[in-house]
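Biologist: I have the model open next to the sequence. Can we go through it piece by piece?
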Amino acid sequence: MTTTAPPLRLSVLDRSRTRQGQEPAQALRDTVAFAREAERLGYHRFWVSEHHGVPGVAGSAPTVLAAAVAAATTRIRVGTGGVMLPNHQPLVVAEQFGVLAALFPDRIDMGLGRSVAFTDGVRRALGRGKDAADRFPEQLAELIGYFDGAGRSSRDVHARPAEGLHVPAFVLATGAGADLAADAGLPLVIAAARGEERMQAAVDRYRERFRPSTQAAAPYVVVSGTVAVAASTEQAERLLVPEAWASAHARTHGEFPPLAPAEEILERAMTPRERSAYQEALRGHIAGTPARAAAELAALVERTRADEYLVTTSTYDRAALLDSYRLLAEAAGLA
């Protein structure tokens, strides 16, 4: 990829994936260490995710983890990818981000999703039903209102220290959520979970119906996906194996497991259903040498006219993962 003016922004979403044989605490420590490396390499943002009751993910409290990341870094923007707003009361979310923004001025992002916890048990524990996502637009307006003082549910309720602070909000979407981002006048974060063609259609609708807001004067699109980089294409594709198997296992067994070594997975006897899910999970990613991966990423950004690309790569081998992000940063000309 050749650098242009302005250069493409590359950012990181780390899901704090647990690894076979390791404690969840190690995954959280790895996330903080990874953030320091991403800052050194020149990535623009470092975001963490929210998952509840998932054995393969240690990040259950993204604002808490974001605080640790922000404290361990000095320049990189820090945020969530994202806080699942239907799981929470908007006032509490506003207070949490207000504290973060007060402690780390001009560095905090508020990435927000509309998913609800996956299992009935977790939803009950959170006090939410399957239909909680239906209230996302209302919750989103209430949350933003706590920062700008408009649209609060009560004039007597103030989210301190959030009120008066500017914390950029982003809406995470896979399809229909792009319309919600446009209607709210917020930047969009989107992945090709259902294929690039459907993602592009959602992005086009977002740009067409975008309504300027106090948060954003114009559409802003962040495309998210996996980019695996190594000395050879074969090595890069091998990085995809652990996450692909975890996804296949989740689809066929109902549980998202810790990451396992690639060599162990490649020797595993899979049922036809597992094999089909595994092969499907290997598709749709960018993987190759630095030159090849950079060229494919540049082409995708050109097709989508994205303003930013959020890299979400996970694999068992931490050294290979960090090397992949380093090679990508070098190929993209990050400072």
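Biologist: What does M110 touch, leaving out residues up to four places away in sequence?
Modeller: M110 touches T80, F97, L143, I144, F147, V167, P168, A169 and F170, where contact means heavy atoms within 4.5 Å. This is a predicted model, so local features need pLDDT of at least 70 and side-chain atom pairs count only at pLDDT 80 or more, while totals for chains, interfaces and linings use all residues. Residues are numbered from 1 along each chain as its sequence is written, and side-chain values use heavy atoms, with hydrogens and water left out.

Biologist: Which residues touch the most other members in the largest nonpolar core?
Modeller: M110 is one of them, along with L10, Y43, F46, F97 and Y309, in a core of 71 residues. A nonpolar core here is a set of buried Ala, Val, Leu, Ile, Met, Phe, Trp, Tyr and Cys residues joined through side-chain atoms within 4.5 Å. Buried means under 20% relative accessible area, exposed over 50%, and partly exposed in between, with a 1.4 Å probe and protein chains only.

Biologist: Next, β6. How many of its five residues are buried?
Modeller: Five of the five, residues 169–173, so β6 is largely enclosed by the rest of the structure. A169, V171 and A173 point one way, F170 and L172 the other. Strands (E, at least two residues) and helices (H or I, at least four) are DSSP runs, numbered from the N terminus.

Biologist: And which strands does β6 pair with?
Modeller: β5 (residues 108–113) runs parallel to β6, joined by three bridges, and G111 has F170 as its bridge partner. β7 (residues 188–191) is also parallel to β6, again with three bridges, and A173 is partnered with I190. From β6 the chain goes through helix α6 (residues 177–184) to β7, a right-handed β-α-β crossover. Pairing requires at least two DSSP bridges between two strands. Right-handed means that, with the strands pointing away from the viewer, the path from the first strand over the helix to the second runs clockwise.

Biologist: What about β2, are its faces covered or open?
Modeller: Both are covered: R45 and W47 on one side and F46 and V48 on the other are all buried. Three bridges join β2 to β1 (residues 9–14) in parallel, with L13 partnered to W47. The chain crosses from β1 through α1 to β2, and that β-α-β crossover is right-handed. On to β3 (residues 77–80): β2 pairs with β3 in the parallel sense over four bridges, and W47 stands opposite G79. The crossover from β2 through α2 to β3 is right-handed.

Biologist: There's H51 in the loop between β2 and α2. Buried or exposed?
Modeller: H51 counts as buried, at 17% relative accessibility. Leaving aside neighbours within four places in sequence, H51 is in contact with R15, V57, G59 and S60.

Biologist: Changing topic, which residues line the largest cavity?
Modeller: D14, S16, R17, R19, A27, D30, T31, S314, R318 and L321. The largest share, three residues, comes from α1.

Biologist: Then D323 in α13. How accessible is D323?
Modeller: D323 is partly exposed, with a relative accessible area of 30%. Its C-alpha atom is separated by 7.8 Å from that of V229, 94 residues apart along the chain.

Methods. On a 1 Å grid over the protein atoms alone, a cavity is a set of points where a 1.4 Å probe fits but cannot get out, and a pocket is an open set with protein on both sides within 12 Å along at least five of seven lines; lining residues have an atom within 4 Å of a point.
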